[in-house]
Amino acid sequence: QKMYMWNIYTLIFAAECLTVVLYWAMMKYSEALGISFSMATTIYGLIMIPLCIQNLYVLHDVVHGATFPPYDWQNYITHPLSDFFSLPWMDVIMEHNRH
């Protein structure tokens with residue numbers, strides 16, 4: 001179950017990254033596709049908002065159920081797109097254990 005939770009969390013991270021690429025593509029090829037800025041932004045928002053919510057819920061489940069990631073690189077995908085830099089996993093664990 002530990003691997004399953006981390007695999008789902010990694011899948012959500014990859015989907016968020018791909019959504020950013022999709023938004024870029026919609027903006028770059030908007031004239032060829034016939035998509036306006038507001039339509040591209042709406043599509044991006046309709047995809048990204050549920051992904052970010054699921055990211056938060058799955059992160060919380062992972063913190064309680066599978067505290068340490070199976071791969072070292074997964075330490076750095078905890079808060080994608082939340083700031084200029086991702087928050088390292090140990091900082092998340094330490095902060096969460098304070099309550």
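Good morning. I begin with Asn-55, a residue of helix 3, which spans residues 37-65; helices here are DSSP runs of H or I with at least four residues, strands are E runs of at least two, and both are numbered from the N terminus. Please note that this is a predicted model, in which local features need pLDDT of at least 70 and side-chain atom pairs count only at pLDDT 80 or more, while totals for chains, interfaces and linings use all residues. Residues are numbered from 1 along each chain as its sequence is written, and side-chain values use heavy atoms, leaving out hydrogens and water.

Is Asn-55 buried or exposed? Asn-55 is buried, because its relative accessible area is 7%, and buried means under 20%, exposed over 50%, and partly exposed in between, with a 1.4 Å probe and protein chains only. The side chain of Asn-55 makes a polar contact of 3.2 Å with the side chain of Tyr-9. A polar contact is a pair of N or O atoms within 3.5 Å; within protein, one must be able to donate a hydrogen and the other to accept it, and residues adjacent in sequence count only if both atoms are side-chain atoms.

Let me turn to the whole chain. It has four helices and zero strands, giving the pattern α-α-α-α along the sequence. Of its 99 residues, 30% are buried. Among contacts with a separation of 6 or more, 66% join residues 24 or more positions apart, a contact being heavy atoms within 4.5 Å.

Next, two tyrosines in loops. Tyr-29 sits between helix 1 (2-28) and helix 2 (30-33), and counts as partly exposed because its relative accessibility is 43%. Tyr-76 lies in the loop between helix 3 and helix 4 (89-96), and counts as exposed because its relative accessibility is 55%. The C-alpha atom of Tyr-76 is 6.4 Å from that of Trp-89, although the two residues are 13 apart along the chain.

Finally, the cysteines. How many disulfides does a search of the whole structure find? The search finds zero, a disulfide being a pair of cysteine sulfur atoms within 2.5 Å. Cys-17 is partly exposed, because its relative accessible area is 35%. Cys-52 also counts as partly exposed, because its relative accessibility is 36%.

Thank you for your attention.
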